[in-house]
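Hello,

Here is the structure I promised to pass on. My notes follow below it, and I hope they make a handy starting point.

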Amino acid sequence: MRTDIKGITPELIRAKRRIGQRMVGVYLGVYALFVALHVFTPTVPGIPSMGVSLGLIGGVAMMIFAVLMALVYHLLCTRAEKRLAPPQDS
Amino acid sequence: MLYEQSQLAVILFLSVVAIVVGVSIQLVRRVTTPAGYFAAGGRIHWGVNGIAFVGDYLSAASFLGISGMIATLGYDGFLYSVGFLSGWIVALFMVAEPLRRMGYFTFTDAIDSTFNSRGLRFVASLCTIVVSIFYLIPQMVGIGSLVTPLFGIPHYIGVLIVGVVVTIVVATSGMVATTYVQFVKGILILVVSVVLTLFMLQRGIMLPEHMQYRGHRSLQTLNVEKEETGYAVRAPGYQLAPEWDKAPAYASGFVEVRHGDEVSPWFVEERGSAGLLLRETQYIERLADGTLLYNGAPATAGRVFLVGTMEEVIHEGKQVSQTGTLGPLEFLRTMYSSRVNIWPHATYLSGEKQLQVFHQRTVPVADMFEPGGMFRLNEGGWSARLDFISLMLALVCGTAALPHILIRYYTVPSQAAARKSTVVAIGGIGFFYVLSLFLGFGAMGSGFLNIMDTNMAVPLLARSFGTVLFAIVSAVAFTAVLGTVSGLILAASGAVAHDIMDRLMGIHMSATEKVVAARMSAVVVGCIAVYLGIVFEGMNVSYLAGWAFALAAATNLPALLMALFWQGATSKGIVASMLVGMSSALTLILVSPEMYVRYGLLASEAPLPLNNPALIALPLSWVTLVLVSRRTANPVSSR
């Protein structure tokens, strides 16, 4: 249990927290826009675009965006770990 | 047709049970310590754990529910996928690593790590149990949906038998076996979804007469002629029910027709002086004692028939009867420009009975690519919009607050491994949701859609390719339910044995006794889940999961995030927040329009038009936490 506690410094915790909070802010902002688009302009998701509806393209784009954000977050955290803490086995 | 049993499906089904029971029995003697039982000793590789997350998350709600919703409601079902996946971003960025750093076995461990409060520990474990049980409901309903057509037995017996088997299995297995079951299940779900999507793209889109396997049948129509003395049905043995034009059915667009001893609703088209044209419907009757009849008989009578056919296929601007093999984008574009037969429903009360009547309507598939199937954002006014916002809030906030997801962070050896496994989970789950889009729209026009039980959309889509694929998909769907049930029962049993009995009540137990206590708790939780699975028969499992997510979000998320990140949070503030979140979410669910339908009443009679409670319960829980924490803050040390 909790085998990596020794390798974690308060600076690293703060750095990763900052990265997480900023990135979650960005993603939730985009998500809120996606929801607001449906609520305030409900006809927009139904507009034909590239042979399907704009909403469908937007939804798939949201999913791809989530995967990319996850990868970027991992890269940033890994970089922070290399900078602020000794390397870990896992 | 619908209840024709597949021997291969039954064999695969029983094989899954045998394998899982075998693995559990093999591991039961090795799992003797609480760390082994609850957290697999913290030694699971992040890659395995990531796929196990995929398995945990792609439960009945996702594997069965999402595609079923897309098949019947179109785009609005897809919005669930967007919300479900977005919830993982909150889990990754905010919760994964801090939780791994601060906890031992349970959600309560992490939340109480800086407070060490008995009250907080009790409330957090109570909330874990309630949320876990709520999330167990859609899983058990999903089990019933699967077992009924496979074995041809009533829903409640299916839930009972499988629930008992699953409970016994998971009570013995602990986290090690659960993790590997989830790992295998995650891979199986992804592989089966890819295979089914490829089969569907290879077959293309076609009119029903070209289908190799046919699930649907032609609908009956009745001509009703206007005579001087009234109306008369031009079909032997059929007659209009007395006072049909004054019945509640007529106000909802249906005419009651008597045939033999039975009266059934038919969808009416008024044709002026020519009389009426009546079209066959499918209907669910809820009797005063709660009994459900499908097309006038119990589900096992097999009167339900399959629907969901293409009316017109337009490929590259031309009308065709079948397209041949299509690429993924070509498939969506061809669907978008074609027309399909869908089955919307109306609900009305007739005496002491409640009727939910489905009738066929032909629409451009383009209509199903925009909001409106569930959320009437265009014409529904603000109540529909608020309901939509509430659901999307519940989905994005719920994932990071689900106890069975949170406990998986303790099974890996480090914070970095917790993060990596979450990234793997997001990739796998996102890939599945893109596939579910194809499966849902494919099922919509496959001719194999059971409109009375949308949870069967994917297995029935597989059936349109023959019984072998149907058997395989049903068995995989069964493992989907089985694995998630095991995770949820583990989370709940951990709350009882570790949080309440050991840490709160201070009962001194040896490691073995603690594991035994956890196993006994698992059996009790399993029994409760079986009961609720029977009560909620027939509801879409994704819809039910939406409630579980709202409950988790309102109860756990403010408490978890504020405990992790806000120095001003006090144990009393967190306790108040969790109690307010849980009670307000439960109350709002109980008085929701959807529950009113379950009570045999009309949705319009519900005091609030909100189906999902998150929009009210989540902010209420958050505000309570801040206000109570401020009032109870100790000037020297608030924590």
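How many Å apart do the C-alpha centres of domain 1 of chain B and domain 2 of chain B lie? They lie 37 Å apart. Domain 1 covers 7-205 + 390-428 + 468-632 and domain 2 covers 208-369, with bounds from an automatic or database domain assignment.

A word on conventions. This is a predicted model, where local features need pLDDT of at least 70 and side-chain atom pairs count only at pLDDT 80 or more, while totals for chains, interfaces and linings use all residues. Residues are numbered from 1 along each chain as its sequence is written, and chains are lettered from A and ligands numbered from 1 in the order in which they are written.

Between the two domains of chain B, 18 residues of domain 1 are in contact with 24 residues of domain 2 (contact: C-beta atoms, placed from the backbone, within 7 Å).

Then there is the largest nonpolar core, with 241 residues. Such a core is a set of buried Ala, Val, Leu, Ile, Met, Phe, Trp, Tyr and Cys residues joined through C-beta atoms within 7 Å, buried meaning 20 or more other C-beta atoms within 10 Å of a residue's own. B:C397 and B:A553 touch the most other members. Helix α15 (residues 467-504) of chain B gives the most to this core, 21 residues (helices are DSSP runs of H or I, at least four residues). Both domains of chain B contribute residues, so the core lies between them. Among the residues that B:A553 touches are B:C397 and B:L618.

Finally, 39 residues of chain A are in contact with 44 of chain B.

Enjoy exploring!

How values were computed:
Buried ≥ 20, exposed ≤ 12 C-beta atoms within 10 Å, placed from the backbone. Helix = DSSP H or I, 4+ residues; strand = E, 2+ residues; numbered from the N terminus. Lists of a residue's contacts leave out its neighbours within four places in sequence.
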